[in-house]
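Could you walk me through this structure stop by stop? I have the viewer open and would like to know what to select and what I will find there.

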Amino acid sequence: MIVSGLLTSVSINFALCSIFFILYSVLRKQPGNYKVYAPRLLAEGRAERPSRFKLFRLLPTAGWIWNAWQPSEDDLLAYSGLDAVVFMRIIIFSLKVFSIAGFIGIFVLIPVNCSGNQLQNIDLINISNNSLEIFSISNVNNGSDSLWIHVGAVYLLTIIVCYLLFTEYRYIASKRIDYFCSLEPQPNQFTILVSNIPVPKGSTVGQSVEKFFTENHPNTYLSHVVVHRKSKMWTVTNAAKKIYRRIMNSIKPPNEPQFMHYGHLEANVKKDHSREEVRAAFVSFKSRYGAAVAIHMLQANNPTQWLTEPAPEPQDVYWPFFSSTFMGRWISRLVVIVGCMLLTIVFLIPVFIVQGLTNLAQLETYFPFLQGILTMSIVSQVITGYLPNLILQVSLKIVPPIMKLLSSAQGYISISEIERSATHKASFFIAYVMTLGWTSTSSELFRVVPFIASLITKPFVKNPDDFTVPSFPYHQDIPKILFFGLLGFTYFFLAPLIIPFLLGYFSLAYIIYRNQLLNVYAPKYESGGKFWPVVHDSTIFSLVLMQFIAFGIFTLKKLPHSTSATLPLPILTLLFNEYCRKRFLPIFMAYSTETLLKKDREDRNLPGMARFLGQLGVVYYDPALVPLTYSRSQDTLHEPLIPTQVRR
């Protein structure tokens, strides 16, 4: 890419960002758009719709920036949970790293790169027509002692990143323990999922579970709920929900509370012979420690039976998981692997198109009739500087939903696990370039798709208060941040000019995502920051990749003793990673005996604890089996039998 193409791309992206910011500043204040830009505030009754027209609502203001900046980390923790705090810590960590990297790159490496004369035909007068390579390591002469500055920069950044990773891992690990200790009793803390339950002839799954845990965990076992496989029940229940919503909304006055029990529906469901027991059950215990012992100990002499794993939160359970057989799930995993490979191949198509667009000479060869248009300066700059990025942006929009769909077919028991799995897959397909992140982040603020959808559906919506508060798409946004980090590490010493654009992206992301977490998204589940180890491992991978690239580049540049100088770096980095895995990773896998027993002792005399334990046997019922109650005032079809305090 030439400098003029880069400047064109920057100008277009800056203009789009400005437009999105201005539109958001105006549209967010319009009462009709509260469902788009503040659905969480509206659902919680903290956003009042003004009745009178006021002129200031038509003027763009920046007050939302201060509102997003002002809340402390503790406020965000109390409002959106630890997952939201950890997500913001990823952005803060990236800002710290690339602020230091940017200082080194801009004030040290770029002057060294520009002082070389390895590249020929450089026009210093008309610099806009030069290649960006004059700012890169390519312009440093082969064998030059100046390359040792780049070696020192790689060493320095590695040391800084490892130090920041260690302090961040330690901080988040302590936050995870503190957050767990601050929570009120949660059903998933006392419950495990048991699968591959052996059932003797003439017995049932429930009888086997009761007998086994009464004999082997007599002091801690409390109750169990057998999981059922069903297909018709979900269809019947969902259809009933829609029908009764329509009936109650159309017949009853809006201000009259109504409650209707679906006794006949419950009876019909229980007579549905398509329902059968799955050899799995949610087993509850009297204490957190009792549940932890059952999870981590081998339950039977046959390791393939009585398999245990932590139970997700009741609202986090992915119930379709239980609607397929174990053999079906095993086959689906093979299908997912093949699907990912095919998607990779299909994704090469827009990549090839992008590669062609960045080479005008090649484009003129393939399409000679465009030669007259391509010779125009502005057209060539747009095509080489912005159009390739736009094509990738459009192509990549469909990747996260596809990855989530593939992950859901792999047999995960919770929505949070599905999204963490999709996070691993989507990271291979995020390929934004340079300043494209600015546009994608500012479009998140403007919420283009929900805004357009609200305009289209507004004439057909009878009840304006009927809307859904979205949950934060961690599986979509974390891979994006990680890929920008990968870009920054690999290009840090090769082409430091990328760092300022990355800093611009992370700065926008910090304020925009804080705004969205406070006003738009409501937590669907709480994993306790479990995705931080993924971030740590991805950062280590980026560091090692940077070091291997440095090893190859310094060899190609014929730097004396470069092999012995750079070889220790990946070894030391991987040793550091292994230490962090031993020191911190177990905290994210399970809570310690010390923590569990301390929390159990604190909650032993808690008011309402006996009632909480008494209802644990009901909270993990499949929603399709629970009698449904309709309440217009709360716009829900059933109430949880146990109040869960996942976040405050």
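Start with Asn196, which has a relative accessible area of 27% and so counts as partly exposed. Keep in mind as you click around that this is a predicted model. Asn196 sits in the loop that links strand S1 (191-195) to helix H8 (205-216). Check its backbone too: phi of Asn196 is near 55°, a positive value in a residue that is not glycine.

Next, select Arg447, in the loop between H19 and helix H20 (448-457). Here phi is again positive in a residue other than glycine, near 55°. Is Arg447 buried or exposed? Its relative accessibility is 11%, so Arg447 counts as buried.

Now move to Glu444, which belongs to helix H19 (residues 436-446). This residue is buried but has no salt bridge. The nearest side chain of opposite charge is that of Arg447, your previous stop, 5.1 Å away. What does the side chain of Glu444 meet in a polar contact? Show Tyr521: the two side chains are joined by a polar contact of 2.8 Å.

Finish with helix H21, residues 474-491. From first C-alpha to last, its 18 residues reach 26 Å, close to the 26 Å expected at 1.5 Å a residue.

Methods:
Residues numbered from 1 in each chain as written. Predicted model: local features only at pLDDT ≥ 70, side-chain atom pairs only at ≥ 80, totals over all residues. Heavy atoms only, no water. Helix = DSSP H or I, 4+ residues; strand = E, 2+ residues; numbered from the N terminus. Buried < 20%, exposed > 50% of the residue type's maximum accessible area, 1.4 Å probe, protein only. Lys, Arg positive; Asp, Glu negative; His and termini not counted. Salt bridge = Lys/Arg side-chain N within 4 Å of Asp/Glu carboxyl O. Polar contact = N/O pair within 3.5 Å; in protein donor to acceptor, adjacent residues only side chain to side chain. Expected span 1.5 Å × (residues − 1).
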